[in-house]
Each structure stands twice: as C-alpha cells, then as structure tokens.
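Please read them with the structure open.

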Amino acid sequence: MASPNNTLYQTELSERIRTFLLLSGIQNEFTIANTLSDFFQNINLTYMWESDWSLWMGYVNANKISMESPLPFPNRAWQFGSMVPKDSDWKTDPIKSKESIISSFKPIFVLVSIFLWSALYYLIIFRLL
C-alpha cells in the first residue's frame, strides 16, 4: 500500500529501522544514525512497505549487520503487557482481602455527618437568633 505522505512514511520507516537496530543489539546512537543515513542515501525508496522492507533486509545482509540480539529476550511477551514471565513464581493476581466493617459503612458515615452538620447549621442560624 502506497503512503499518501512521503515525509510521514520516511519518518515511520526510519523509526522502525531504528527499533530493528536497537533490538539487534546496536546501542550506539552514532552507529544507528550513520546506518540510517547510509541506507536512505544509497537506496531508492518505492514508498511501499513490503518492497522497502525487503530493500532494508537486503541492506542488512549486504552490510552484515548482526540480527542476533545480545540482550536476553526469550520472546516478545514484554511488548504486550506484563513484564513478569508466565513461568515465574510471582503471583499475578492481587491479594484478595475482606473489607473491614468500618470501610463498608463509609457511605453511611458520610450521610450521617452531612445530616449532623445540617442539623447544627439549622440550630445555630434559626433557633439562636
């Protein structure tokens, strides 16, 4: 699918390539900037995602950019929610505890206090004048 705006497309593609390089283990921003600059200067983009990504993968293979991540990511589950692995001993569900009697009566206490303040206001304003 062709992109309607070439500038937004190039920005999106460069962000995806930068993320690819970071996940490949290249942590140096200078190296990432030089790789992106060299790629965009030497490749004619077609502004179609599939063909441009295949151009990028060809560039990766030609320049022998490592696709093995030195970071110990066992899978991509960290992108989709919990940072806790499924096989860990940590409990993911919250501790369920009973509410105390006082906390269950809080709405009643609020209503009673409003009533008492209203009664006090009535006594002070209308009865003592």
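1. Terms and basis. Buried means under 20% relative accessible area, exposed means over 50%, and partly exposed lies in between (1.4 Å probe, protein chains only). Helices (H or I, at least four residues) and strands (E, at least two) are DSSP runs, numbered from the N terminus. This is a predicted model: local features need pLDDT of at least 70, side-chain atom pairs count only at pLDDT 80 or more, and totals for chains, interfaces and linings use all residues. Residues are numbered from 1 along each chain as its sequence is written, and side-chain values use heavy atoms, with hydrogens and water left out.

2. Overall make-up. The chain has 5 helices and 0 strands. From the N terminus its elements run α-α-α-α-α. Of the 129 residues of the chain, 14% count as buried. Take contact as heavy atoms within 4.5 Å. Among contacts in the chain with a separation of 6 or more, 62% come from residues 24 or more positions apart.

3. Helix 1. This helix has 18 residues and reaches 25 Å from its first C-alpha to its last, close to the 26 Å expected at 1.5 Å a residue. The expected span is 1.5 Å times one less than the number of residues. Buried here are Tyr-9, Leu-13, Ser-14, Ile-17, Phe-20 and Leu-21. Seen down the axis of helix 1, these buried residues fall within an arc of 125°, so they line one face of the helix. The arc is that of the directions from the helix axis to the C-beta atoms. Thr-7 and Leu-8 are exposed, on the face of helix 1 turned away from its buried side. The buried residues of helix 1 pack against helix 2 and helix 3.

4. From helix 1 to helix 2. Gly-25 follows helix 1 and has a positive phi, near 105°. Ser-24 lies in the loop between helix 1 and helix 2. Is Ser-24 buried or exposed? At 6% relative accessibility, Ser-24 counts as buried. A polar atom of the Ser-24 side chain lies 2.7 Å from the backbone oxygen of Phe-20. For reference, a polar contact is a pair of N or O atoms within 3.5 Å; within protein, one must be able to donate a hydrogen and the other to accept it, and residues adjacent in sequence count only if both atoms are side-chain atoms.

5. Helix 2. Asn-28 caps the N-terminal end of helix 2, with a side-chain oxygen 3.0 Å from the backbone nitrogen of Phe-30. At 1.5 Å a residue, the 14 residues of helix 2 should span 20 Å, and its end C-alpha atoms are 20 Å apart, which agrees. Ile-32, Thr-35, Leu-36 and Phe-39 are buried in helix 2. Seen down the axis of helix 2, the buried residues fall within an arc of 95°, so they line one face. They pack against helix 1 (6-23) and helix 3. On the other side of helix 2, Phe-30, Gln-41 and Asn-42 are exposed.

6. Aromatic pairs. Rings of Phe, Tyr and Trp (its six-membered ring) pair if their centres lie within 6.5 Å; planes under 30 degrees apart count as stacked, over 60 as edge-to-face and the rest as tilted. The structure holds 9 aromatic pairs. One of them joins Phe-20 and Trp-56 edge-to-face, at 5.8 Å centre to centre and 85° between the planes. Phe-20 lies in helix 1 and Trp-56 in helix 3, so the pair ties together parts that are 36 residues apart in sequence. Phe-20 is buried at a relative accessible area of 18%. Trp-56 is buried at 0%. The rings of Phe-39 and Phe-40 have centres 5.3 Å apart and planes at 65°, so this pair is edge-to-face. Phe-39 is buried at 0%, whereas Phe-40 counts as partly exposed at 26%.

7. Ring cluster and charge. Which residues do ring pairs link into a cluster? They are Phe-20, Phe-39, Phe-40, Trp-49, Trp-53, Trp-56 and Tyr-59. The charged end of Arg-16 sits over the ring of Trp-49, 4.4 Å from its centre. The criterion is NZ of Lys or CZ of Arg within 6 Å of the ring centre and within 35 degrees of the ring normal.

8. Tyr-47 has phi near 60°. It sits in the loop between helix 2 (29-42) and helix 3 (49-62). At 21% relative accessibility, Tyr-47 counts as partly exposed. Lys-64 has phi near 55°, again a positive value in a residue other than glycine. Lys-64 is in the loop between helix 3 and helix 4 (101-104), and is exposed at 73%.
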